[in-house]
Amino acid sequence: MKKRHSRGQSLVETTLILAAFMGLILGMVGVGQMLFVRQAWAERAQDAARWGAVNTYDAPAIRNLVIYGTATPSDGAIAFGGLEPSEVVVGNPGCPGVDCRVSVAIPGHGIQSTEPVEGF
């Protein structure tokens, strides 16, 4: 019987395993980036609601805090994570009165934050 030569077998096996491993790594990076952006949006919504509760209520400024990270963005400012102004909902329910609060939400991503207004 003749022995079959298996030259190049390890190269083929390594290529197949490397392709699967790189796909797994790239998938993990993509999911990690998505989770980072969602958490950053949640933190920005909470910070904006708190800012709106402490300062004079100004819906566009609160919306800008969520989208741009500042109440007064410069011309040409880029929205964080591609968030559009129409995706951010700012409300001031119960005002004036003892049940006054500032609500900031990004409904399309399941994010909402509510802060009671100080001074009531």
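Of the 120 residues in this protein, 23% count as buried, where buried means under 20% relative accessible area with a 1.4 Å probe and protein chains only. What we are looking at is a predicted model, in which local features need pLDDT of at least 70, side-chain atom pairs count only at pLDDT 80 or more, and totals for chains, interfaces and linings use all residues. Residues are numbered from 1 along each chain as its sequence is written, and side-chain values use heavy atoms, with hydrogens and water left out.

Turning to the fold, the protein has two helices and three strands, which follow one another along the sequence as α-α-β-β-β; helices here are DSSP runs of H or I with at least four residues, and strands are runs of E with at least two, numbered from the N terminus. The radius of gyration of the protein is 25 Å, well over the 14 Å that the globule rule gives for 120 residues, so the protein is more spread out than a compact globule; that radius is taken over C-alpha atoms, and the rule is 2.2 Å times the number of residues to the power 0.38. Along the principal axes, the C-alpha trace spans about 95 × 35 × 20 Å.

As for contacts, meaning heavy atoms within 4.5 Å, 40% of those between residues at least 6 apart in sequence join residues at least 24 apart.

S103 is buried, with a relative accessible area of 14%, and, leaving aside residues up to four places away in sequence, S103 touches V89, V90, G91, P93, Q112, S113 and T114.

Technical notes: Buried means under 20% relative accessible area, exposed over 50%, partly exposed in between (1.4 Å probe, protein chains only).
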